[in-house]
Amino acid sequence: MSGETDLQKLLASMTPRLYPDVYVFATLPPSAVLPEGVEPVMRFIEREGTTLILAESQAKAAGLAGTFRCRMITLDIHSSLEAVGFLAAITAKLATAGMGVNPVSAFYHDHLFVPAERAEEATAMLRALAAESDG
């Protein structure tokens with residue numbers, strides 16, 4: 001499965017799914033071991049340290065300082081990793097409302113981390129964008 005590349009199809013067919021958990025971004029120093037009980041939804045290793053996106057409750061339990069309280073929206077369409085403009089169109093739409101977003105692309109889907117207090121608004125905007133693109 002290589003995923004969809006057609007921008008119009010991607011926008012029209014995406015179904016945003018909002019998860020109930022609140023997530024945070026946290027960091028570990030280089031070569032630090034992942035704390036017991038921590039199961040991040042994303043782990044990215046950079047020269048300066050390891051970034052984790054994890055449930056806020058897990059971060060607190062592990063004593064990790066979290067930042068950017070957010071919720072995750074999964075775009076339920078198998079987008080190709082080579083698709084052009086999909087996330088650009090989505091982030092531009094959210095930017096018109098002054099909303100920051102941290103996108104993460106995985107093999108099957110794109111995931112958006114949006115401010116927790118604006119997650120419902122972001123989901124509605126994405127549903128409207130899909131409806132506008134269908135036709």
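A residue counts as buried when its relative accessible area is under 20%, as exposed when that area is over 50%, and as partly exposed in between, using a 1.4 Å probe and protein chains only. By this scale F107, at 48% relative accessibility, counts as partly exposed. The structure is a predicted model, in which local features need pLDDT of at least 70 and side-chain atom pairs count only at pLDDT 80 or more, while totals for chains, interfaces and linings use all residues. Residues are numbered from 1 along each chain as its sequence is written, and side-chain values use heavy atoms, with hydrogens and water left out. Helices (H or I, at least four residues) and strands (E, at least two) are DSSP runs, numbered from the N terminus.

**Aromatic rings**

- A pair of aromatic rings is described by the distance of the centres and the angle of the planes.
- Rings of Phe, Tyr and Trp (its six-membered ring) pair if their centres lie within 6.5 Å, and planes under 30 degrees apart count as stacked, over 60 as edge-to-face and the rest as tilted.
- How many aromatic pairs are there by this rule? The count comes to four.
- One of the pairs is formed by F25 and F68, which are edge-to-face, with 5.9 Å from centre to centre and 65° between the planes.
- Because F25 lies in strand 2 and F68 in strand 5, this pair ties together parts that are 43 residues apart in sequence.
- F25 counts as buried at 17% relative accessibility, whereas F68 is partly exposed, with a relative accessible area of 27%.
- The rings of F107 and Y108 have their planes at 75° and their centres 4.9 Å apart, so this pair is edge-to-face.
- Y108 counts as partly exposed, with a relative accessibility of 43%.
- Ring pairs also link Y23, F25, F68 and F113 into a cluster.

**Positive phi angles**

- F68, which lies in strand 5 (residues 67–75), has a phi near 55°, a positive value in a residue other than glycine.
- S31 is not a glycine either, yet its phi is positive, at about 65°.
- Where does S31 lie? S31 is found in the loop between strand 2 (23–28) and strand 3 (42–46), and S31 is exposed, with a relative accessible area of 77%.

**Helix 3 and helix 4**

- The axes of helix 3 (residues 86–95) and helix 4 (residues 119–133) come within 10 Å and cross at roughly 125°, where axes are lines fitted to C-alpha atoms, for helices over the stretch in contact, and angles run from 0 to 180 degrees between N-to-C directions.
- Helix 3 and helix 4 are therefore oblique to each other, given that angles under 35 degrees count as roughly parallel, over 145 as roughly antiparallel, 65 to 115 as roughly perpendicular and the rest as oblique.
- Helix 3 passes helix 4 in a right-handed crossing; a crossing is left-handed if the near helix is turned anticlockwise from the far one by less than a right angle, and right-handed if clockwise.
- On helix 3 the contact is made by A89, I90, K93 and L94, and on helix 4 by A122, M125, L126, L129 and E132, where contact means heavy atoms within 4.5 Å.
- The residues of this contact of helix 3 with helix 4 divide into seven nonpolar, no polar and two charged, with Ala, Val, Leu, Ile, Met, Phe, Trp, Tyr, Cys and Pro counted as nonpolar, Asp, Glu, Lys and Arg as charged, and the others, Gly among them, as polar.

**Individual residues and their surroundings**

- Leaving aside neighbours within four places in sequence, T50 is in contact with A26, T27, L28, R43, F44 and I45.
- V41, in the loop between strand 2 and strand 3, is partly exposed, with a relative accessible area of 44%.
- Not counting residues up to four places away in sequence, V41 touches Y23, I53 and F113.
- E120 lies in helix 4 and counts as exposed at 56% relative accessibility.
- Leaving aside neighbours within four places in sequence, E120 is in contact with L18 and R71.
- E46 lies in strand 3, and E46 and L28 are 18 residues apart in sequence and 10 Å apart in space, C-alpha to C-alpha.
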